[in-house]
Amino acid sequence: MGKKELQVAAIENGTVIDHIPADKTYQVVRLLNLHNLDVQVTIGYNLPSKKIGKKGIIKIADKFFTNEEISRLSVIAPKIILNTIKNYEVVEKKTVETPDALHGIIKCNNPKCITNNEPMPTYFTIVDKALGIVKCHYCDMEQDIEQVELA
């Protein structure tokens with residue numbers, strides 16, 4: 001049996017975002033503004049994954065995410081795994097799920113929607129999580145979550 005090696009160095013405290021679809025890795029970096037942090041951020045890209053073929057992994061030292069940040073993540077990469085690390089140990093592991101409602105996270109694709117014409121946050125409800133269909137609370141337009149723009 002061959003020895004196991006870490007493909008990306010361990011962190012003492014912080015968050016590991018794992019099982020990111022490879023093509024979404026840099027969207028996650030932008031969404032969480034990781035390029036503006038003053039802490040160590042390690043990005044692994046196109047790593048082998050038994051579950052999804054190729055994956056991304058991001059390790060952020062000394063950073064823990066809010067529920068709102070996690071909700072934003074779910075829009076571009078649902079089913080990723082968030083690992084909270086303390087003293088080099090995983091103390092919490094959770095799968096990111098799209099919440100039932102999205103407040104101020106995505107823009108409405110309807111140019112006539114009030115949210116695109118007045119300074120107010122958007123509000124979407126999830127119509128179908130499996131298909132990724134969301135519905136604007138204000139104009140009732142249904143949209144594919146893959147086709148929306150982040151607010």
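Okay, let's start with Arg 72, which sits in helix 2, residues 67–76. Helices here are DSSP runs of H or I with at least four residues, strands are E runs of at least two, and both are numbered from the N terminus. Quick caveat: this is a predicted model, so local features need pLDDT of at least 70 and side-chain atom pairs count only at pLDDT 80 or more, while totals for chains, interfaces and linings use all residues. Residues are numbered from 1 along each chain as its sequence is written, and side-chain values use heavy atoms, with hydrogens and water left out.

Back to that arginine. Is Arg 72 buried or exposed? Arg 72 is buried, at a relative accessible area of 16%; buried means under 20%, exposed over 50%, partly exposed in between, with a 1.4 Å probe and protein chains only. Leaving aside neighbours within four places in sequence, Arg 72 is in contact (heavy atoms within 4.5 Å) with Leu 31, Gly 104, Ile 105 and Ala 151.

Next, strand 3, residues 53–61. Here 7 of the 9 residues are buried, so the strand is largely enclosed by the rest of the structure. Strand 3 pairs antiparallel with strand 1, residues 14–21, over 6 bridges; pairing takes at least two DSSP bridges between the strands. Gly 14 has Ala 61 as its bridge partner. Strand 2, residues 41–49, is also antiparallel to strand 3, with 7 bridges, and those two make a hairpin with 3 residues between them. Pro 48 stands opposite Lys 54 there.

Last up, the open sheet: 4 strands, order 6-7-8-9, antiparallel pairing. Strand 6 (101–103) and strand 9 (142–144) are at the edges with a single partner strand each, so one side of each has no neighbour in the sheet.
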